[in-house]
Amino acid sequence: MNIKYEIIKKGLIYFWGITFIIVGLKFLSDYIDTISDTVNTTVTTVNTTITETTENFNAYKLPIKEKFTLRVEGISSCQTELKEKFHLGLSDDSIRDVRNECEDDVCELVVDFVDEVPEFIEIAIREHANDYCKVKRFEVMKKYIFSAYYVELSLTDILREKINGITSSDSLTLKNAKRAYSNTKDEEEDNLFKYSEKVEKDMILVNGKERLEVRFY
């Protein structure tokens, strides 16, 4: 009887001992996997953060601003003609640029504003093809106002430092933007580029080649 009892006792000890070892190994394996996953996740997060921080640090930063434009069919600007004949420029400081844009035989007057849209503007217009060029003051109708986002890109000292060898004769453009217009002053060219929506970043192209990432704020 005692011998059978001892055999059963040892069998139970071995059984529970093996069970305990198996459970312990399983727990240890899960714990190691958890540590491994945590380490991998942490490393990935840290690497991503470092990469984003580095890219943001190396990027060239420019302000992006929402601008408003007046577009009206049926009349045309003769501002250039007035300036050439009578040496008269724009008298309205709220206006950045006045021009005519035509597409598929449909032309419209386009007025770009500096910042906010004024209640009234004064510009040189021609209401019909054979009319005299005259300065007219009229109310800005809100229904003719369209907005877009603009970025001014010029060759600054900071940009020269970031892009080695760049000169004023190089062509500067933004990859995903449309050029609005160029303005040359003090022998340097300022380019205004337009986006239909607000964007966070783009690439500066020098003579058509990608050279530097730009971040907008």
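**Aromatic rings.** I searched the whole structure for aromatic pairs and got one. For this I paired rings of Phe, Tyr and Trp (its six-membered ring) if their centres lie within 6.5 Å, with planes under 30 degrees apart counted as stacked, over 60 as edge-to-face and the rest as tilted.

**Ground rules.** I noted that this is a predicted model, where local features need pLDDT of at least 70, side-chain atom pairs count only at pLDDT 80 or more, and totals for chains, interfaces and linings use all residues. Residues are numbered from 1 along each chain as its sequence is written, and side-chain values use heavy atoms, with hydrogens and water left out.

**A charge over a ring.** I looked up phenylalanine 120 and found the charged end of arginine 137 over its ring, 4.4 Å from the centre. The test asks for NZ of Lys or CZ of Arg within 6 Å of the ring centre and within 35 degrees of the ring normal.

I traced an open sheet of three strands in the order S3-S6-S7, with antiparallel pairing. The edge strands, S3 and S7, each pair on one side only. Pairing here takes at least two DSSP bridges. S3 (residues 76-77) joins S6 over two bridges, and serine 77 faces isoleucine 125 there. S7 (residues 134-139) is joined to S6 by six bridges, with isoleucine 123 opposite lysine 136.

**Second largest pocket.** I got a volume of about 240 Å³, the space filled by probe spheres set on grid points joined across faces, edges and corners. A pocket is an open set of points on a 1 Å grid over the protein atoms alone, where a 1.4 Å probe fits, with protein on both sides within 12 Å along at least five of seven lines; lining residues have an atom within 4 Å of a point. This pocket has 13 lining residues, and Arg71, Arg99, Glu101, Tyr150 and Lys194 lie nearest its centre. S8 gives the largest share of the lining, four residues.
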